[in-house]
Amino acid sequence: MGWASCPPATAIFIANSMNEMTNQNPLTIKENICFQIDNLQIEIISYLGQLTPDIYYFQVNIISEKPGLLRIGATNSALNRELELRKRLGDYKLITELLAHREDNITIDIKPQNTPEIETIFSPITEIDTSSEYLQKECLEDEYLQKECLEDECLEDECLQKEYLEDEYYPETEISPNISNQKLLLLTYLPHENQTLETWLKTEHSLEESIFLTSQICQLCRYLHQREWCFINIIPQFIQVGTPIQFFDLTSAYPLGETLNSGLIGNYCAPELAYCKNPIHETMSSYTVAALLYHIIHKQTLSTDQTIEIQINPIPIIYQILKICLSSLPEERFPLEQLLKILVRTRQNISTPKINWQIASSSTVGLSINRLQNEDNYGIKQHKISDTETILLAAIADGMGGMSQGKLASQLAIKTVLETPIFSNIKP
């Protein structure tokens, strides 16, 4: 089956293991090689980096098709989590289509100088949570051992240092990259560079456009949360701006309530993610949405240094949204449902024209030589229903010139009409 005939995002194909096609020979992934996934010829163009921890991103060329995005990771990595999420989402239009292939024997040959700087950083809790009892215990381990050595008089300083270094070595082995050759490959189309959110963020946009795009991201986050998943970070270069917006990478989505093994730091990540003791919750997504809106409005990302106070431009409603959703206290942030409603209502208020009527009138006696005054009267009244709806009431009264008190009669008629209330249920 060719790529052009692939079903929507819900249809995930697990192709036959490439080991069977290559007689158990390992496949080495590196730039400028060609290989086959199902019936698709794939050419590796360039290595994009590990934009999600332990996931290798490659730009590829799908022969006779469009440019593609190839991601490779361990079978228990974020890619496997993404496959599970795609099955739950079903035919959801904000998620691009996917071709998945499980490979049992892959090695990756990457030149270190080609690896871009990673923006999202995973750090062990021992490097972040300086207040935890666990860290204090680890930091005082050397002092504790020295005390034990002096009391027992059974260890020399060199022996102590050797034991301490050995103790530090083993945890590092545990968090080292998975050395297994069993890998999972995910292949999607690659969004055109000019259509990515990364490019969109570099240009000027109206406040209405900014809120509209942010509300689309919020809509996806709410949809995931309704299915007990949360987006806690975004990668702008793999989001395609359009109607609708489309996501090409879901590795930053996690099941609700899951606790990370390591701290996560990024420009769109809630500050509590730096500590892996916090379960995934809804308002982490609210923070991500607000962090993107901040980036759009201020033309810069939030600092990952939590000691720096966030400076927000004094734009009515936008200021309140950012101030609340970027709070360091999760319980102070808007839930996604409320945040989406506020964004939609704010955009509607901005996009809806506010109409005000200016009324003018005039009267003349004309050119008749039989009278020198005009006994006619008129009046105009307006009742504003909304910014775009106004009821106008106008009346003209003929004063019956030449008859007694004609002018007074016309004045009373107009006064009676204008003083009569206009019912609120009247529609123009």
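Reader: In which strand does tyrosine 57 lie?

Author: Helices (H or I, at least four residues) and strands (E, at least two) are DSSP runs, numbered from the N terminus. Tyrosine 57 lies in strand E4. The model is a predicted one, in which local features need pLDDT of at least 70 and side-chain atom pairs count only at pLDDT 80 or more, while totals for chains, interfaces and linings use all residues. Residues are numbered from 1 along each chain as its sequence is written, and side-chain values use heavy atoms, with hydrogens and water left out.

Reader: How many helices and strands does the chain have?

Author: The chain has 11 helices and 16 strands.

Reader: What is the mean pLDDT of the chain?

Author: The term pLDDT denotes the predictor's confidence in each residue, from 0 to 100. For this chain the mean is 78, and 75% of the residues reach 70 or more. Over residues 1-23 the pLDDT is below 50. Over residues 113-178 the pLDDT is also below 50. Where pLDDT is low, the predicted coordinates should not be read in detail.

Reader: Is tyrosine 57 buried or exposed?

Author: A residue is buried under 20% relative accessible area, exposed over 50%, and partly exposed in between (1.4 Å probe, protein chains only). Tyrosine 57 has 0% relative accessibility and therefore counts as buried. In the chain of 428 residues, buried residues make up 39%.

Reader: With which side chain does the side chain of tyrosine 57 make a polar contact?

Author: A polar contact is a pair of N or O atoms within 3.5 Å; within protein, one must be able to donate a hydrogen and the other to accept it, and residues adjacent in sequence count only if both atoms are side-chain atoms. The side chain of tyrosine 57 is joined to that of threonine 251 by such a contact, at 3.3 Å. Another case is the polar contact of 2.8 Å between the side chains of asparagine 377 and serine 410. Asparagine 377 lies in strand E15 (residues 377-384).

Reader: Which residues does asparagine 377 touch, not counting residues up to four places away in sequence?

Author: Contact means heavy atoms within 4.5 Å. On that basis, asparagine 377 touches Ala395, Ile396, Ala397, Lys407, Ser410, Gln411 and Ile414, leaving aside residues up to four places away in sequence. For the chain, 64% of the contacts between residues at least 6 apart in sequence join residues at least 24 apart.

Reader: How many aromatic pairs does a search of the whole structure find?

Author: Rings of Phe, Tyr and Trp (its six-membered ring) pair if their centres lie within 6.5 Å; planes under 30 degrees apart count as stacked, over 60 as edge-to-face and the rest as tilted. The search finds 5 aromatic pairs. In one of them, the rings of tyrosine 47 and phenylalanine 58 have centres 5.2 Å apart and planes at 45 degrees, so the pair is tilted. Tyrosine 47 belongs to strand E3 (residues 40-52) and phenylalanine 58 to strand E4 (residues 55-62), 11 residues apart. Tyrosine 47 is buried at a relative accessible area of 7%, and phenylalanine 58 is buried at 0%. Tyrosine 92 and tyrosine 223 form a stacked pair, 3.8 Å centre to centre with 0 degrees between the planes. Tyrosine 92 lies in the loop between helix H2 (78-89) and strand E6 (99-103), and tyrosine 223 in helix H7 (residues 207-226), so this pair ties together parts that are 131 residues apart in sequence. Ring pairs also link Tyr47, Tyr56 and Phe58 into a cluster.

Reader: Which residue lies over the face of tyrosine 254?

Author: A charge sits over a ring if NZ of Lys or CZ of Arg is within 6 Å of the ring centre and within 35 degrees of the ring normal. Arginine 81 lies over the face of tyrosine 254, at 3.8 Å from the ring centre. Lysine 66 lies over the face of tyrosine 189, at 4.7 Å from the ring centre.

Reader: Which residues does a cis peptide bond join?

Author: The bond joins threonine 243 and proline 244, with omega about 5 degrees. Proline 244 is in the loop between strand E11 (239-240) and strand E12 (246-247).
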